[in-house]
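Here is a short note for someone opening this structure for the first time. Please read the points with the model in view.

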Amino acid sequence: MFVRSFIFVISSVLLVSCDQVAKKPAPTAELEDKLTLSQVAFSELPGWQDDQVIEAFPALSKSCQRYGRWPDDKGVGPDALAGTAADWKIVCNSLTEFMEQAENHKDFGIWLEENFVPFQVKNNDNQEGLFTGYYEAELKGSFTQDETYKYPLYDVPKDLISVRLSDFDEKLKGTTLVGKLKGNRLVPYHERTDIESGVLNDQDLEVIWSDDPVDVFFLHVQGSGRVMLPDGEVIRVGYAGNNGHKFYAIGRALIDEEIIPRDKVSMQAIRTWLRENPDRANEIMQRNKRFIFFREIKGEGPIGAMGVALTARRSLAVDHRHMPLGVPLWLDTTWPGTDKPLQRLMVAQDTGSAIRGPVRGDFFWGPGEPALAQAGKMKQKGHYYLLLPKAVAQNQQVSG
């Protein structure tokens, strides 16, 4: 996706993002996290009978299309937790046949029960985790720069170099350095302040121009968005790379400097303050040195870490170090800002660098203001359950 730039804080409070980023070495405490699975029955899934599970079919179908392009022996998830691509191709073929023959799509839940086994996901012995939300940003833009549209979205610069350290040492798997060459040395790439001051000018990198610097900043935070052109046409832009600098959550600064009370901070509150305080807004936003580069996306979007278009309210971002991408999950949490149950079938199709731990999720709410209203206040406790194909489940060493 959208895959994002996060530190381990709740997105609605500290305005953290879902942009695709190089993964940093995890703190020691995180490395001690351990995913454990305990088999349960479908009847034990809270709210299982109440969800319109068929609404998750488009998301699962996209996962199947992706699995279909993988080599049969490719593992699904860390240490092939969810089996191999071959295992999923069998299940996905069954899914296709079912949907072609089913007279009543309400039977989709029965098909799931016949083909999958649910497992309670735990972090060691703790089954409770944090669930936040993200959305697809919207802004106005133009392919032509003028006095209205003067804030650019840039493509990846030609001098930006990304180095996967696992190519040199397998122990450094998941760590990437981003920079540029200075002589024969790799040095950090330009910070946000340098880029916004024009260091990339005259390189023909502008993908599109926007009319609002705050909207552009939020797009950097979310990592993907829809841009409405002056003629009414809508295009999508998505994450293409980043400058390698650490993400800084400006919501933390607004709290620490007592600009916005902690209990009032949300994405909406931060955006409102930035627009109402243009003299300070630029300085605050530039404290986040991370800068995101974009590309135009043709067709469906936004695109998640798995490489498929996300499905609103059915795609979930997870920690790919623990959880497989593409698999169905049963989510048991509450609606943002309430204690009303939010229990439904989701599909793990995205990730983010603040999504850390075996029991951690980021709920994709979709595009625009209604989605922002939910994503901006979501910081709920909850649980989830991993659904594994029966053939794979038989081979799992699980607890409980």
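1. Start with the aromatic cluster. Ring pairs join Phe57, Tyr67, Trp70, Trp88, Phe98, Phe108, Trp111 and Phe116 into one cluster. Bear in mind that this is a predicted model.

2. Now the wider count. The whole structure holds 17 aromatic pairs. One of them is Tyr67 with Trp70. Their ring centres lie 5.1 Å apart and their planes meet at 75 degrees, so this pair is edge-to-face; the cut-off for that class is over 60 degrees.

3. Are these two residues buried or exposed? Tyr67 is buried, at 1% relative accessibility. Trp70 has a relative accessible area of 17% and is buried too. Buried here means under 20%. Trp70 also has a charged neighbour: Lys74 lies over the face of its ring, 4.0 Å from the ring centre.

4. A second pair deserves a look. The rings of Trp335 and Trp365 have centres 5.6 Å apart, with planes at 50 degrees, so the pair is tilted. This pair links distant parts of the chain, 30 residues apart. Trp335 sits in the loop between strand S13 (328–334) and strand S14 (341–350). Trp365 belongs to strand S15 (residues 360–367).

5. Burial for this second pair: Trp335 counts as buried at 18% relative accessibility. Trp365 counts as buried at 3%. Lys340 lies over the face of Trp335, at 5.5 Å from the ring centre.

6. Next, strand S8 (residues 206–210).

7. Which strands pair with S8? Strand S3 (residues 129–142) pairs with S8 in the antiparallel sense, over two bridges. Ser142 stands opposite Trp209 of S8. Strand S4 (residues 151–154) also runs antiparallel to S8, and four bridges join them. Leu153 has Ile208 of S8 as its bridge partner.

8. Last, a helix contact. Two packed helices are described by the angle between their axes and the distance between the axes. For helix H9 (residues 267–276) and helix H11 (residues 368–375), the angle is about 115 degrees and the axes are 8 Å apart. H9 contributes Met267, Gln268 and Arg271 to the contact. H11 contributes Glu369, Leu372, Ala373 and Ala375. By type, the contact residues are four nonpolar, one polar and two charged.

Definitions and conventions
Residues numbered from 1 in each chain as written. Predicted model: local features only at pLDDT ≥ 70, side-chain atom pairs only at ≥ 80, totals over all residues. Heavy atoms only, no water. Pairing = 2+ DSSP bridges. Axes fitted to C-alpha atoms, helices over the stretch in contact; angles between N-to-C directions. Contact = heavy atoms within 4.5 Å. Nonpolar A, V, L, I, M, F, W, Y, C, P; charged D, E, K, R; others polar. Phe/Tyr/Trp six-rings, centres within 6.5 Å; stacked < 30°, edge-to-face > 60°. Buried < 20%, exposed > 50% of the residue type's maximum accessible area, 1.4 Å probe, protein only. Lys NZ or Arg CZ within 6 Å of the ring centre and 35° of its normal.
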